[in-house]
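Welcome! Please take a look at the sequence and the structure first, and then we can walk through a ligand site and a helix together.

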Amino acid sequence: MGEQTKIEWCDHTFNGVRGCAKKRIPIVEGNPEAFYPSGCDHCYAESMSKRFPKNLGIWGVNGVRVLAKQHIWDEPHHWNRRAKERGVRGRVFAYSLGDMGEMPVKELHADAKLYGYEPTNEQVENAERNQHVCDEARRKLFALVEATPFLDWLLLTKRIEEIVGQVPKHWLSDPPSNWWQGTSVSTQPDVDFRLAKLIEVPAAVRFISAEPLLEKIDIRRFLDNEYAPRDFGGAMAEAIGWRVDWVICGGESSLSAREFDIPAMESLVDQCAEYGVALFNKQLGFRPIEEIDSTRVRLKLVDKKGGDMDEWPERLSHLRIRQFPEVRL
Ligand code: SF4
């Protein structure tokens, strides 16, 4: 939905495509018996879509993807005009009701391989329809980013490995200065796979959404100036920087939320401080857990999302950090 947003780190949310399939990493490669915990497990967009499948799609590799109506695609042009008039750039988050990187045909075949079945003709045709919707949404999204230079576009995906192959070719050598590319990480396996891919994307800002953060993660090598390749698909590291520029951190906020380990947030605070990387601690979630005298204790907060920093006890004042990155291009 194109709308003013309640998300603290952006001004608008934008959803060009609705519907998605969950991303999960098997604990043993190729074995569907068990998966690492995933940020997709409690996808709130999936829950919403069950009430409004016509507008919000149907989840799963055999589900339905819906392209946003034209008036939704028109809204960012108004935001852009307003931002220009006010002389204040707007930040747009895309997407919250789907994933900009989804590749339905490839994902159907990967699912079939993992679970050992042969996709039916009907399933293949459905995946091809969904692929068409996702491709069309990407084409329109990238054109929109170029047409709205007073908006910074925060494009977030769990399929970061698809992005270099999907953006317009000229973005690789001459990236738009309003293209911020992010990927989500909840666990260390997410970090190890997705951040190695994120660092190859020549966006003006590269960011991590560690929300929900499900365990302590080590991201230090991706915060280090020396880590990234020198040439990002044609754009030079001197121009766009060497590393991840921004980290957003938070816990789950639904009633079924998993525990949020406050020491895991503290660890990210320390890692970002060590490398001088901007950090935005959004919320402690519905079940924040502290460690006091080696005992795990649930922190009770009035705000169910744990997003009111004034409510966080004084002993956690070092977590009250809401920084934004510098844009270099
Ligand atoms: S990628 Fe995002 S929208 Fe898709 S299932 Fe996961 S959490 Fe939901």
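A residue counts as near a molecule or strand if its C-beta atom, placed from the backbone, lies within 6 Å of it. Around the ligand we find Cys20, Lys22, Lys23, Gly39, Cys40, Cys43, Ala45, Glu46, Gly98, Asp99 and Lys158. This shell divides into 4 nonpolar, 2 polar and 5 charged residues; Ala, Val, Leu, Ile, Met, Phe, Trp, Tyr, Cys and Pro count as nonpolar, Asp, Glu, Lys and Arg as charged, and the others, Gly among them, as polar.

The model is predicted: local features need pLDDT of at least 70, side-chain atom pairs count only at pLDDT 80 or more, and totals for chains, interfaces and linings use all residues. Residues are numbered from 1 along each chain as its sequence is written.

Now to helix H3. Helices (H or I, at least four residues) and strands (E, at least two) are DSSP runs, numbered from the N terminus. A residue is buried if 20 or more other C-beta atoms lie within 10 Å of its own, exposed if 12 or fewer, and partly exposed in between, with C-beta atoms placed from the backbone.

| Group in H3 | Residues |
|---|---|
| Buried | Pro76, Trp79, Asn80 and Ala83 |
| Exposed, on the other side | Gln70, His71, Asp74, His78, Arg81 and Glu85 |

After H3 comes Gly87, with a positive phi near 70 degrees.

Is Ala147 buried or exposed? Ala147 is exposed, because 11 other C-beta atoms lie within 10 Å.
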